[in-house]
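Hello,

Here is the structure I promised to pass on to you. Please have a look at it, and then read my notes below.

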Amino acid sequence: MLFVPAQSLNPQTVAYLRGKLLQWYAANRRDLPWRRTCDPYAIWVSEIMLQQTRVAAVVDRFQTFLARFPTVKSLARAPETDVLALWSGLGYYRRARMLHNAAQVVTAHHQGSLPATAAELLELPGIGPYTAAAIASIAYGEPVPVIDGNVERVLCRLMHWSAESGTVGHKLKVKRLAGRLLDPERPGDFNQAMMELGATVCLPRSPLCVQCPLHQVCLTRGEHRTRRRAPMQTREIAHALVLRAYGRGGERNRQSREVLLEQRPASQSVMPGLWQLPQLRHSVVSEGDLRMTVRHSIMQINYIVRIRAVPRSKAAALTVHSGKRRWVPLHRATTMPLTGLTRKILTRVLLRINDSGSLKR
């Protein structure tokens, strides 16, 4: 076949791009649980979970979530605290709240079935153009293009367009190109193939151009600059680990320990209503016995977190007043709607605590 530069985009080039991309996807796509179903609800849950979250972190949580809430109606009926508990660790908890809210809307106004078009899906809480197009094309076969960061990068490199522009005109140009390339016969597979290509081959840095099925017609072949990310910031914080035993003598073990947790106020803009270890004031972060140091990243911030064991008699004076506090059995704490950092810390505490109930350093 005579290869034609992508810039021309004549019917032969478009057909070549579609065929090569779908052939590559069939042979190289990752085996992910949400790709084994056409259930609109399952696809919806996966797309919400995958927003700004690594695939590896989503796989197990997706399966656990669907086991607990197998249908839209079961999700709609569940208390919000149960939904947040299963979401804990994925971050961006507003997604979970909006998913829960949208499930209630679908149950009340759509008999528990997700709408079949992108336009109708856009009317649901928490569903934007990308998610609506993904559900409509993958679950229902509607020929609408999906455009995320990966797809935009692939298209810009393919056409040698600037990746720096975020203007309305640039976005419209990308959307038109995505629509022109979309395979109307297999829109779901094509959209997933584009996203997969950007996620695994056409990487932001050091793209694997030799492995790319579109290499022959790409106008940049990896020589395309991508937008630089802002440098990560580093901050240090400290949390208090306050434990108490409620068994007697030999009964004191991991199963009879309680940990003091506090709930973030509902008025806070970040993770409202979730539970965490009490945070120490900056002026007293050196007090208390250091038990562990944990690194935790949220968006563009790397946190260095010192976990200090504080006697319960001093807990009230040493910690920042936040929301309400409560004692929770240590072995049950991870079933609560915790912040991701708190879940990480308590998981390590449970691993380190010995049979006698003392915490190993």
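Let me begin with a term: on a 1 Å grid over the protein atoms alone, a cavity is a set of points where a 1.4 Å probe fits but cannot get out, and its lining residues have an atom within 4 Å of a point.

This is a predicted model, where local features need pLDDT of at least 70, side-chain atom pairs count only at pLDDT 80 or more, and totals for chains, interfaces and linings use all residues. Numbering runs from 1 along each chain as its sequence is written, and side-chain values use heavy atoms, with hydrogens and water left out.

The largest cavity is lined by 16 residues, and Arg157, Cys202, Cys209, Cys212 and Cys218 are the ones nearest its centre. Helix 9 (residues 149-159) contributes the most to that lining, with 3 residues; helices here are DSSP runs of H or I, at least four residues, numbered from the N terminus.

Now to another spot: Arg343, which sits in helix 13 (residues 340-352). Arg343 is buried but has no salt bridge, and the nearest side chain of opposite charge, Asp82, is 11 Å away. Buried means under 20% relative accessible area (1.4 Å probe, protein chains only), and a salt bridge is a side-chain nitrogen of Lys or Arg within 4 Å of a carboxyl oxygen of Asp or Glu. Lys and Arg count as positive, Asp and Glu as negative, while His and the chain ends are not counted. The side chain of Arg343 also reaches the backbone oxygen of Thr334 at 2.6 Å.

Across the chain, buried residues make up 47% of the 361 residues.

Best wishes

Definitions and conventions
Helix = DSSP H or I, 4+ residues; strand = E, 2+ residues; numbered from the N terminus. Buried < 20%, exposed > 50% of the residue type's maximum accessible area, 1.4 Å probe, protein only. Polar contact = N/O pair within 3.5 Å; in protein donor to acceptor, adjacent residues only side chain to side chain. 1 Å grid on protein atoms, 1.4 Å probe; cavity = no way out; pocket = protein on both sides within 12 Å on 5 of 7 lines; lining within 4 Å.
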